[in-house]
Amino acid sequence: MKEKKEKEKSVQPHPKEETLYIEEPHDKDIPEDDDSLRESESGGSESSEDEGFVNRGDGAGLDDDHRQEDVHENAETHQGVEESDSSEDEVAPRNTVGDVPLEWYKEEKHVGYDITGKKIKKKDRQDKLDSFLASADDSKNWRKIYDEYNDEEPYVDWFKWDDAKHPLSNAPEPKRRFIPSKWENKKVVEYVRAIRKGLIKFDKPKEEPRFYLLWGDDSSSTEKAAHGLAYIPAPKPKFPGHEESYNPSLEYIPTQEEINSYQLMYEEDRPKFIPKSFTSLRSVPAYENAVKESFDRCLDLYLCPRARKKRINIDPESLKPKLPSRKDLKPYPVTCYLEYRGHKGAVMSISTEASGQWIVSGSTDGTVRIWEVVTGRCLRVWEFGEAVSYVAWNPLPELPIMAVCVGPDVLILNTGLGNEEEQKRIKELLLVDKPTALEDSGNSTSWAQDDKYDAVRLKHFKTVSSVEWHRKGDYFSTVMPADILFGLILFSFYLAILIHQISKKVTQRIPFKLHGLPVSSTFHPTRSIFFISTKRNVRVYDLLKQKLIKKLESGVREVSSIAIHPGGDNVIVGSREGKLCWFDMDLSSQPYRILKCHPKDITNVAFHRSYPLFASCSDDCTAYVFHGMVYSDLNQNPLIVPLEILRGHTSTNGRACIREEMVRGLELHYVSFVRVCGAEDVMLERGCLRGSWE
């Protein structure tokens, strides 16, 4: 075979001879009548070949024989290709670009080249909408796959072919295809019974209305509502009256003076139509502003918003919280009932005895006075020669003593009230056996006997601002607010707040670290919990476990005072910016309500011991009384209702405070609020209570 190929390469056939053999027709195509012609042509060719063979020589003749045989073979194979009925001839030219990315042909009009090197043009593709619609109409679209290289979508039906002689399944038809289904029959019976019983209802055909409203408003038509159209009807014009008549009465026609006065008005105030009189309807001219109004109308339609705004008509009163009537919240103080006159200076602090029969007041004139609540009689007076900043009565009824803050000293005074046994116990309690000096005491306080006032004197190293008693009456706390320069030394030794015990004459520091400058402190009414308020927040400590329980974030500029609800779960905090914060300790560490009631600083806040009332007083010489109901149900929030504003004092240089208690009389029982707003007199606000006490 190799030798044969080398000979084919060495022998170059003559072009005329090659074309002669290629174009020679097949024997089958030649008719029988032309046999003689074919023989003559073959004889002539043979003679010519013999002549050429003789002239060329032996070697050349042998090569020509081989060449002729190869040419005959090539001609036969070529004829076979032309006559082949293969299906590949019907296939479109295939793309022969190979691994060339199709992105290179993205901007071209062709997609590649076929086997002959001609460009394969891209087909006109449908847009996505047309292709989607075509795919929705064609049920066999899921069988098509798009060929990116050849730009076609071949479809192959795997279940049908041309030479299919046997079906996919030659099983006989089952009998159930010719018998009615009994299950379908049962289902039909079930539907028939449901229709008869009225369980299945069909939509009734829509009846077209025979009549329509000639002058009615079709904005609420059912057709537009069914289609969900946001139909906005045009405003209906006013019906024409006598003024619009072409020949109105004389009283409707304005005079020339009235027409001239119209020109002096603003354009929006001028009448839109001026009546005129015409002899007939034919003489009425066209409307002069028709074109202008049409243009304005088109401009309004062009510039109007395309979105319809839904407005809700809400009554402003419905947005207010529904509060109970003030009549249902009585009793609470309304008017001034008594005035306690006697102090020459501003009253700085007051406190009420546990039974409600006596009150004590301290003033800047250096005196402390005990008053009888019902009569206003002054029972006793102490003179200290120095301004009294704070007074506090012991909460135990069987222990009628009180604490008085005079500068850096705290005096435990015997009020002289009570029977002989109580007085004997008080004298034993206020007896100091071994007095201690301020320098020798490790707690920076000294206990000493004061014979002048028959009291116990606790001397501190700094001015005491407030005193708060424990519910058992044996302990009390003192607060010494420090300034900025002295604060670092004071807080480093935890001496800003001290707790004292009368029975043992002992002073102890608080076992907590103070964060910020202290303002006030108080004890929990029922549990061993201690509250310390700084200028920013209120910290709640457990005295038994000696740890922090909760930190109440007030969010105000500076805290001025705090008060604990008798239940112990709610706290109110007054601030220097006139805000009052109500904290629900079971709810959150953030304020439950913030009341902005006073325009000036709040100096003191207080809860009533037995009624759902609390109050706040300010430097603006007013006291606000609120109803604060705390429910036993934890799912119900406290109810806060403002009730009354108490006025009556004038502004002086003093500190406003408030204390309240239940007053028990002989024949009538009252709810009383004692309030002092930097005045020289103590005033008692009282409201009568109807009913019996529990």
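Which residue stands opposite Ile562 in strand 22? Hold that thought for a moment, and hello everyone.

First, some ground rules. This is a predicted model, where local features need pLDDT of at least 70, side-chain atom pairs count only at pLDDT 80 or more, and totals for chains, interfaces and linings use all residues. Residues are numbered from 1 along each chain as its sequence is written, and side-chain values use heavy atoms, with hydrogens and water left out.

Back to the opening question. The residue opposite Ile562 is Val573 in strand 22. Here helices (H or I, at least four residues) and strands (E, at least two) are DSSP runs, numbered from the N terminus. Strand 21 and strand 22 (residues 570–575) run antiparallel and are joined by 5 bridges; two strands count as paired if DSSP finds at least two bridges between them. Together they make a hairpin with 5 residues between the strands, and Gly568 in that turn has a positive phi of about 90°. Strand 21 (residues 559–564) is mostly covered, with 6 of its 6 residues buried. By buried I mean under 20% relative accessible area, while exposed is over 50% and partly exposed lies in between (1.4 Å probe, protein chains only).

Now let's step back to the whole chain. It holds 12 helices and 31 strands. Of its 694 residues, 33% are buried. The chain exposes about 48,300 Å², and carbon and sulfur atoms supply 52% of that; the areas come from the Shrake-Rupley method with a 1.4 Å probe, and for residues only the protein chains shown count as cover. Turning to contacts (heavy atoms within 4.5 Å), take those with a separation of 6 or more: residues 24 or more positions apart account for 47% of them.

Next stop, a sheet. Strands of a sheet pair through backbone hydrogen bonds, either parallel or antiparallel. Ours is an open sheet of 4 strands in the order 13-14-15-16, with antiparallel pairing. Strand 13 (466–469) and strand 16 (506–509) are at the edges with a single partner strand each, so one side of each has no neighbour in the sheet. On average, neighbouring strands of this sheet are turned by 25° against each other, direction ignored; the axes behind that angle are lines fitted to C-alpha atoms, for helices over the stretch in contact, and angles run from 0 to 180 degrees between N-to-C directions.

Inside this sheet, strand 14 (residues 475–479) and strand 15 (residues 497–501) run antiparallel, joined by 5 bridges. Thr478 stands opposite Leu498 in strand 15. Leu495 sits in the loop between helix 12 (484–492) and strand 15. Is Leu495 buried or exposed? Leu495 counts as buried, because its relative accessibility is 8%. Its C-alpha atom is 10.0 Å from that of Thr445, which is 50 residues away along the chain.

On to charges. How many salt bridges does a search of the whole structure find? The search finds 10, where a salt bridge is a side-chain nitrogen of Lys or Arg within 4 Å of a carboxyl oxygen of Asp or Glu.

One of them joins Asp409 and Arg457, with the closest N and O atoms 2.7 Å apart. This pair links distant parts of the chain: Asp409 is in strand 10 (residues 409–414) and Arg457 in strand 12 (residues 455–460), 48 residues apart. Asp409 is buried, at 10% relative accessible area, whereas Arg457 is partly exposed at 24% relative accessibility. Through shared partners, salt bridges join Asp409, Asp450, Arg457 and Lys459 into one network.

Another salt bridge brings together the side chains of Lys187 and Glu190, at 3.8 Å from N to O. These two are 3 residues apart in helix 6, so about one helical turn separates them. Lys187 is partly exposed at 40% relative accessibility, and Glu190 is partly exposed at 48%.

Finally, a look at the surface. Tyr191, Ile195, Leu199, Ile200 and Phe202 form a nonpolar patch there, with about 540 Å² of accessible area together. Patches are made of residues with over 30% relative accessible area and no salt bridge, joining like charges within 9 Å and nonpolar side chains (Val, Leu, Ile, Met, Phe, Trp, Tyr) within 5 Å. Leu199 lies in the loop between helix 6 (182–197) and helix 7 (222–226), and counts as exposed because its relative accessibility is 69%.
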